[in-house]
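The following report describes selected features of one structure, beginning with a single helical residue and going on to the sheet, the pocket and the backbone.

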Amino acid sequence: MDSLALRAAGNVGKRVGIIGLDTSHSVAFTKVLNVPDSDAAYNGYKVVAAYPHGSKDIVSSTKRIPEYIEEVKKLGVEITGSIQELIAKSDVILLETNDGRRHLEQATEVLKAGKRIFIDKPVAGTLTDVVAIYKAAEKYNIPVFSASSLRYITGIEGIDKSKVLGADTFSPAVLEKTHPDLFWYGVHGVETLYTVMGTGCKTVTRVSTPNTDIVVGTWEDGRTGTFRGTRTGKHDYGGTVFTESGNKVLGPYNGYEPLLKDIIKYFQTGQVPVTPQETIEIFAFMEAADESKRLGGKSVTIESVMKKARS
C-alpha cells in the first residue's frame with residue numbers, strides 16, 4: 001500500500017526522516033527516538049534516514065553538518081542524497097533545516113508526497129513564505145505542525161489560559177542577517193508569550209537597542225503582552241503571567257522531549273496541537289515588530305503586515 005493509501009486508511013508508518021543536519025535539534029531528536037528502550041510515548045517511531053542540507057550560506061549552521069552526519073550515522077541513520085530519496089525511505093518528516101529561507105521549497109516537496117511534516121522554527125524566512133506554507137498544506141490536505149520547545153516551558157501546565165490578564169516573557173534574541181530580527185531566535189520567547197495569551201493581537205510596538213528588544217503587543221480585548229529579547233548577559237528563558245488569581249512564573253526551560261511527544265502524537269493522528277492561525281500570527285507579530293523598528297518605534301497593526309504578506 002503506498003503512502004497516500006496508508007494515510008487515507010489512518011495508518012501512518014513509523015519511519016522518521018529528517019531534512020537538515022545543520023541544527024543540534026536533529027541529533028537531539030534522533031538520540032531520544034533511536035535508543036533501544038525509548039519511552040512508550042514515542043510509540044516505536046525511529047529516525048531511519050536524513051538529508052543533511054541544510055543551510056547553504058549561514059556559517060554557524062553549515063559548519064555543523066559534517067559532525068552531525070557522523071553522529072546520526074552512529075545512531076543507525078542512513079544519509080540520503082536528495083529530499084526525494086529521503087521521502088521514499090520515510091513515512092513522516094522532521095524539517096529541521098536551520099535556514100528558514102529553504103523551508104517553503106523543502107516543505108512543499110514533502111506535502112506533495114502526502115507525508116505529515118513537523119517544521120522546526122522558524123517556519124520560514126519571511127512572513128510571506130509562512131503564509132505560503134500553510135496555503136500549500138491546505139492544497140495538499142496535510143496539516144502542518146510547527147512549534148518551539150519553549151511552548152512547553154516549566155510552569156505553563158499550571159495556568160488557566162482563560163484567566164490570563166497579560167504576560168511578560170523573555171528569551172535570547174540573537175540576530176542573523178539573513179532573517180528578520182526575531183525570526184532567528186527571538187521566536188522562542190514570542191511563542192511562549194502566545195502560548196499563554198492566545199491569538200488576537202492587534203498592534204505591536206518595539207523599542208530596539210543593540211543589546212535588547214522590547215516588543216509590546218496590544219490584544220483586541222485590551223490585554224497587553226510584552227517580549228524582551230536579550231543579546232548580552234546570560235541567556236535564559238522565562239516570564240511572568242498575570243492572571244485573575246495572581247502572578248505565575250514561567251521557567252526554567254523544560255528541554256526538547258515535551259515537544260517531541262506532541263510531534264509523535266501529530267504523526268500518529270494528523271491532529272495539530274497548535275492551530276495554523278496561531279503560528280501565522282506569531283510570525284506576523286514578529287514582522288510587525290520589525291516594521292515598528294523601521295518606523296522608529298511607531299505602532300504597527302498585525303492586519304497591515306498580513307495584508308502585505310498575502311499580496
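E278 belongs to helix α11, which spans residues 276-294; helices here are DSSP runs of H or I of at least four residues, strands are E runs of at least two, and both are numbered from the N terminus. With a relative accessibility of 13%, E278 counts as buried, where buried means under 20% relative accessible area, exposed over 50% and partly exposed in between, computed with a 1.4 Å probe on protein chains only. Leaving out neighbours within four places in sequence, E278 is in contact (heavy atoms within 4.5 Å) with R151, Y194, T195 and T199.

The model is predicted, and local features need pLDDT of at least 70 while side-chain atom pairs count only at pLDDT 80 or more, although totals for chains, interfaces and linings use all residues. Residues are numbered from 1 along each chain as its sequence is written, and side-chain values use heavy atoms, with hydrogens and water left out.

**Sheet**

An open sheet of 6 strands is ordered β3-β2-β1-β4-β5-β6, with parallel pairing; two strands pair if DSSP finds at least two bridges between them. Because β3 (78-79) and β6 stand at the edges with a single partner strand each, one side of each is left without a neighbour in the sheet. Strand β1 (residues 15-19) runs parallel to β2 and is joined to β2 by 5 bridges, and the bridge partner of R15 in β2 is K46. Helix α6 (residues 103-112) lies across β1, β2, β4 (92-95), β5 and β6, and runs at about 160° to β5; the axes are lines fitted to C-alpha atoms, for helices over the stretch in contact, and angles run from 0 to 180 degrees between N-to-C directions.

**Largest pocket**

The largest pocket has a volume of about 380 Å³. Of the 20 residues that line the largest pocket, T23, H25, N98, Y185 and H188 are the closest to its centre, and the elements that give two or more residues to this lining are α2, α8 (181-184) and α9 (187-197). A pocket is an open set of points on a 1 Å grid over the protein atoms alone, where a 1.4 Å probe fits, with protein on both sides within 12 Å along at least five of seven lines, and lining residues have an atom within 4 Å of a point; grid points are joined across faces, edges and corners, and the volume is the space filled by probe spheres set on the points.

T23 is found in the loop between β1 and α2 and is buried, with a relative accessible area of 4%. Not counting residues up to four places away in sequence, T23 touches R64, Y68, E96 and N98.

**Backbone**

Most residues other than glycine have a negative phi, and most peptide bonds are trans. The table lists the departures considered here.

| Site | Backbone value | Location |
|---|---|---|
| H53 to G54 | cis, omega about 15° | G54: loop between β2 (46-51) and α3 (59-62) |
| K121 to P122 | cis, omega near -10° | P122: loop between β5 (116-119) and α7 (127-139) |
| N43 | phi about 50° | loop between α2 (24-33) and β2 |

N43 counts as partly exposed at 30% relative accessibility, whereas N141 counts as exposed at 59%.
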